[in-house]
Amino acid sequence: MSDIADVAAIEHDIHIKAALGIRQPSLPFTGFCHYCLAKVIGQSHFCDADCRHDYERLKANGRK
Ligand SMILES: [Zn+2]
């Protein structure tokens with residue numbers, strides 16, 4: 001049985017997930033840096049903070 005509160009909660013959850021998805025899109029773990037393609041050890045998307053920063057800046061510029 002669902003009422004308006006349940007629907008609102010589901011709606012809220014969808015919006016939160018969408019907002020998070022835009023800010024931090026889930027990239028696949030390839031074992032390589034997504035920016036410079038260097039080999040990455042462990043569950044990381046980038047080899048260092050600089051690559052993460054450059055990647056995000058590039059992506060932000062590409063959206064405009
Ligand atoms: Zn890198």
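Predicted model: local features only at pLDDT ≥ 70, side-chain atom pairs only at ≥ 80, totals over all residues.
Ser44 sits in the loop that runs between helices H1 and H2. With 14 other C-beta atoms within 10 Å, Ser44 is partly exposed.
- The protein has two helices and zero strands.
- Of its 64 residues, 3% are buried.

**Leu37, in the loop**
- Leu37 also belongs to the loop between helix H1 (4-23) and H2.
- Leu37 counts as exposed because it has 11 C-beta neighbours inside 10 Å, and the cut-off for exposed is 12 or fewer.
- The backbone of Leu37 deserves a look: its phi is positive, about 65 degrees, although Leu37 is not a glycine.
- For context, most residues other than glycine have a negative phi.

**Asp54, in helix H2**
- Asp54 is placed in helix H2, which covers residues 49-63.
- Is Asp54 exposed, partly exposed or buried? Asp54 is partly exposed, because 14 other C-beta atoms lie within 10 Å, and that count falls between the limits of 12 for exposed and 20 for buried.
- Asp54 and Tyr35 are 19 residues apart along the chain, and their C-alpha atoms are separated by 7.5 Å.

Methods
Residues numbered from 1 in each chain as written. Helix = DSSP H or I, 4+ residues; strand = E, 2+ residues; numbered from the N terminus.
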